[in-house]
Amino acid sequence: MRLLDLARGEGLPLEGTCDGALACATCHLILDPSDASRVPPPTAEEEDMLDLVPDAVRTSRLSCQIRLTEALDGLTVRLP
């Protein structure tokens with residue numbers, strides 16, 4: 001499951017317009033700095049999309065690109 005899918009299921013306002021095709025950044029979120037190293041680094045394509053986000057920060061990610069695993073249990077994120 002992707003973080004985007006979980007967030008949508010919980011009613012959080014993440015659009016994910018492109019449904020994970022890396023064609024938008026409407027599922028942008030920010031990882032807690034203490035958790036950022038727990039998530040695999042973004043691909044070049046994800047970084048390109050994040051470059052278009054005006055309020056992106058160092059720990060910004062696209063939730064459609066984060067696959068949830070047991071290792072990410074307790075991950076802390078916030079919406080911009």
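Arg2 and Asp19 form a salt bridge in which the closest N and O atoms are 3.3 Å apart; a salt bridge is defined as a side-chain nitrogen of Lys or Arg within 4 Å of a carboxyl oxygen of Asp or Glu. Arg2 belongs to the segment before α1 and Asp19 to the loop between α1 and β1, so this pair ties together parts that are 17 residues apart in sequence. Helices (H or I, at least four residues) and strands (E, at least two) are DSSP runs, numbered from the N terminus. Arg2 is buried, with a relative accessible area of 10%, whereas Asp19 is partly exposed at 46%. Buried denotes under 20% relative accessible area and exposed over 50%, with partly exposed in between (1.4 Å probe, protein chains only).

Asp19 also meets the side chain of Arg8 in a salt bridge of 3.5 Å, N to O. This second pair links distant parts of the chain, with Arg8 in helix α1 and Asp19 in the loop between α1 and β1, eleven residues apart. Arg8 is partly exposed, at a relative accessible area of 34%. Arg2, Asp5, Arg8 and Asp19 are joined in a network of salt bridges. In general, side chains of opposite charge can pair when their charged atoms come close.

## Basis of the model

The model is predicted: local features need pLDDT of at least 70, side-chain atom pairs count only at pLDDT 80 or more, and totals for chains, interfaces and linings use all residues. Residues are numbered from 1 along each chain as its sequence is written, and side-chain values use heavy atoms, with hydrogens and water left out.

Five salt bridges are found in a search of the whole structure. One of them joins Asp35 and Arg38, the closest N and O atoms being 3.0 Å apart. Asp35 counts as buried at 8% relative accessibility, while Arg38 is partly exposed, with a relative accessible area of 30%.

The loop between α1 and β1, which holds Asp19, also contains Leu22. Asp19 has a positive phi of about 55° although it is not a glycine. Leu22, likewise a residue other than glycine, has a positive phi near 55°. The relative accessible area of Leu22 is 22%, and the residue is therefore partly exposed.

## Strand β1 and its partners

Strand β1 comprises residues 28-31. It pairs in the antiparallel sense with strand β2 (residues 60-62) over three bridges and with strand β3 (residues 77-78), also in the antiparallel sense, over two bridges. Two strands are taken to pair if DSSP finds at least two bridges between them. Leu29 stands opposite Arg61 in β2, and Leu31 stands opposite Val77 in β3. His28 and Ile30 point one way from β1, Leu29 and Leu31 point the other way, and all are buried. In a regular strand the side chains alternate between the two faces of the sheet.

His28 lies in strand β1 and counts as buried at 6% relative accessibility. Its side chain makes a polar contact of 2.8 Å with the side chain of Ser60. A polar contact is a pair of N or O atoms within 3.5 Å; within protein, one must be able to donate a hydrogen and the other to accept it, and residues adjacent in sequence count only if both atoms are side-chain atoms. Beyond its neighbours within four places in sequence, His28 is in contact (heavy atoms within 4.5 Å) with residues including Leu14, Leu50, Val53, Leu62 and Leu79.

Leu29 is buried, with a relative accessible area of 2%. Leu29 and Ser63, 34 residues apart in sequence, are 6.5 Å apart in space, C-alpha to C-alpha.

## The largest nonpolar core

The largest nonpolar core has 18 residues, of which Leu31, Val39, Leu62 and Ile66 touch the most other members. Such a core is a set of buried Ala, Val, Leu, Ile, Met, Phe, Trp, Tyr and Cys residues joined through side-chain atoms within 4.5 Å. The elements that give two or more residues to this core are α1 (3-9), β1 and α2 (44-50); α1 gives the most, with three residues. Ile66, leaving aside its neighbours within four places in sequence, is in contact with Met1, Arg2, Leu3, Leu31, Val39, Arg61 and Leu72.
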